[in-house]
Amino acid sequence: MKQGVNSLSAFFSSQLAGKTSVWQQIDSERVLKVLVGNLDGMLFRCAIDADWTVHFVSAGCHELTGYTADELQRSQRISLEGLIHPEDRQAVRQSVMTAVEGSAPYRIEYRIVCRDGAHKWVMERGTCVIDEFGGRVLEGFIEDITERVAGQLRLAEAEMRFRSVFEKSVVGMFQTTSDGHYLAANQALADLYGYRTPRELIDEIADIAHRLYVDPARRAAFSGEIRRNGLVRDFESEVYRRDGSRIWISENAHAVLSPEGALLYYEGTVEDITQRRQHQAELEYQATHDPLTGLPNRNLLQDRLNQAMGGSRRSGRQVAVAFVDLDNFKVINDSLGHAVGDRLLQVVARRLSRSLREVDTVARYGGDEFVLILADQASVRDLAQTLERIQECIAEPVLLDGHDLRVGASIGVTVYPHDGKDFATLLSQADAAMYHAKAGGKGQFRFYTPELNSAAYERLEMEMALRSALAADELCVHYQPKVDATGRVSGFEALVRWQSPTLGSVSPARFIPLAEETGLIIPISALVLRAACQQAAKWAAAGWAGLTMAVNLSAREYADQDLASKIRTVLAETGLPAACLQLELTETMLAGDVELTVRTLSDLKALGVRIAVDDFGTGYSSLAYLKRFPLDILKIDRSFVMECDRDADAMAIPRAVISLGQSLGLSIVAEGVERQGQFEILRCLGCEEFQGYLFSQALPADTVPAFLQDNAARLAAAQLTAGA
């Protein structure tokens, strides 16, 4: 040990040759002993032989290897070669010998096997020197670098995992400089932007703001938001793909900073949201436009009128609101069918659009009604000329399916700000003026005057009375019986009735359309459904089991995504079996959103209820669509039943409907049966159920039990007579 220390002392003394005077004043041997004894690692001298035989090691060998200096020196227990991990020995020897042959120092990292079998990573630094006897030996220092290597491995693994995620992710990922250059991109991002490889994308997009974004200002907005918040979330922009096409993207990104807080780069992800944006645009369009004509609907109409009124306040010029109702449209629609009627409405819509200026608006208000917003009107004379031109345009013949059709228009006009100052008032006044024009002989236009409010007030009075009727339980439900081919009562159809204290008996034909328009149909239908289910369950409990209950639902209700859940709740609360409930919809409702209708009806069918198409034959649904809908029953409209027993030609449609229904496995119900002859003919053709005044009008609930008893008694008597 003494020899080793003296040798090292000589080594260090040689390094301090230029500072001899200082070194001579210090107890160098003591300093070296303290230094060698406290080094966090192992100083060594070894022979350049097959085992790297140890001549000297410092005390730090025990902490490093688990062996004492005595066990290592002269290889009494294990040689320096033996400490090196077997897999690393050859590489270590090769590196050391290369340095020795080149008279150069060396620095190597390798693994050792400690006394307890543990492995450690060490770094050895050394050089070949001439010892006191003139021979060549190695002197150096070995220190533990296990923690550092482990950290490097963890970092490498993390980088490898990140690189794997980065390169294999199906989401576009990027790193960019703040001035708009790509540092890195993955294949998903290259695919998204239409490039073959990430390198191609990085090379070609040298200026992100102008080469990528459709609106270059979006890049500045992107950078600004990151500067303020450190990140961006759901940052949506329109960008160019390599082929020049455009897509919408959503970016999530953050700033990566140096330890000193300096911005290094932006890092984030990109998602293609083009389909979502298109779907959103479609939904917004559908919410503001009429699906048949493509014109603005009521929602957009109000917005356009508000804008026109704002412009009028700034310019001082007037705005006219014209309510247009087509004359004789109902006759065409009823005689030639809804398909022809719809096409006629589309033609009129196009003509109206062509007749107006860009500052004007034409909207479809509903049915055959349109509303025009005529902005920036200088005088009544100019407005009148515009209206005359519109009427002439509408009145031009229309050739559809070989029919030369002609319609006129009755137009009511009100003027802002003279007549009214808000949307509801102006529309109500224009509507009143339109009714006045129609009453004057159709094909005319009339300007609003205060005296025209009577019709509008009457409608408002009915609406208010209907709302009061709902609150005061004035509406009640009557039940029209349905019978089978033997005349036995098989079920009932629930029909709402209104006996108003102020208006008297109000026909459903008057208040149901108003309820549909105002949305009151929703609470009315809910009232009818619950009352009908309760009554049917009550009759079943009284012994009249098996009777079905048919309830009409409006188009508004079939558009309700929670309809099936609401029906389920009513059935559960009233105790009526689902199989006893029939829900009726009109044929025209089948011609809307087919996919939505199929889903809605399927949800209802899953409850166990039956679905009937009411007034079949008067609508315009494609017969090819019928097999797509989960239907159970077709109800032949009364208009086809009226003359079926008097005119052979009148039997064509009932016969076709019955044949169609039977081929689709549907039950057939005939409505409006009033004569025995109608009943007999339709029964022979295969109709299974019938309703109409021949059997009974709609009955109050408390008279139904007596009717059922009378029906049962008559059938029993008929059977006795037949038996006799």
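Leaving aside neighbours within four places in sequence, T53 is in contact with R45, C46, A47, R74 and S75. This contact set comes from a predicted model. T53 lies in the loop between β1 (42-47) and β2 (54-57). Its relative accessible area is 18%. The cut-off for a buried residue is under 20%, and T53 is therefore classed as buried.

The protein chain as a whole contains 29 helices and 27 strands. Of its 724 residues, 46% are buried. Contacts between residues at least 6 apart in sequence were also examined; 58% of these join residues at least 24 apart.

An open sheet is built from 5 strands. Their order is β7-β6-β10-β9-β8, and the pairing is antiparallel. β7 (182-185) and β8 (231-240) are the edge strands, each pairing on one side only. On average, neighbouring strands of this sheet are turned by 30 degrees against each other, direction ignored. Within the sheet, β9 (residues 246-257) and β10 (residues 263-272) are joined by 9 bridges in the antiparallel sense. In this pairing, E251 stands opposite V270 of β10.

Two helices accompany the sheet. Helix α12 (residues 217-229) packs on the sheet and touches β6 (172-176), β8, β9 and β10. The direction of α12 makes about 175 degrees with that of β8. Helix α13 (residues 274-288) lies across β8, β9 and β10. Relative to β9, α13 runs at about 125 degrees.

A helix pair is formed by α16 (residues 338-355) and α17 (residues 380-395). Two packed helices are described by the angle between their axes and the distance between the axes. For α16 and α17, the angle is about 150 degrees and the axes are 9 Å apart. Angles over 145 degrees count as roughly antiparallel, so α16 and α17 fall into that class. Their crossing is right-handed. On the α16 side, the contact is made by V348, R351, L352 and S355. On the α17 side, R389, I390, C393 and I394 take part. By class, the contact of α16 with α17 has 5 nonpolar, 1 polar and 2 charged residues.

Strand β18 (residues 475-484) is mostly covered, with 8 of its 10 residues buried. β18 pairs with β19 (residues 489-500) in the antiparallel sense, over 9 bridges. C476 stands opposite R497 of β19. The two strands, β18 and β19, form a hairpin with 4 residues between them. In the turn, G487 has a positive phi of about 95 degrees.

Notes:
Residues numbered from 1 in each chain as written. Predicted model: local features only at pLDDT ≥ 70, side-chain atom pairs only at ≥ 80, totals over all residues. Heavy atoms only, no water. Buried < 20%, exposed > 50% of the residue type's maximum accessible area, 1.4 Å probe, protein only. Pairing = 2+ DSSP bridges. Axes fitted to C-alpha atoms, helices over the stretch in contact; angles between N-to-C directions. Parallel < 35°, antiparallel > 145°, perpendicular 65-115°, else oblique. Left-handed = near helix turned anticlockwise from the far one by under 90°. Contact = heavy atoms within 4.5 Å. Nonpolar A, V, L, I, M, F, W, Y, C, P; charged D, E, K, R; others polar.
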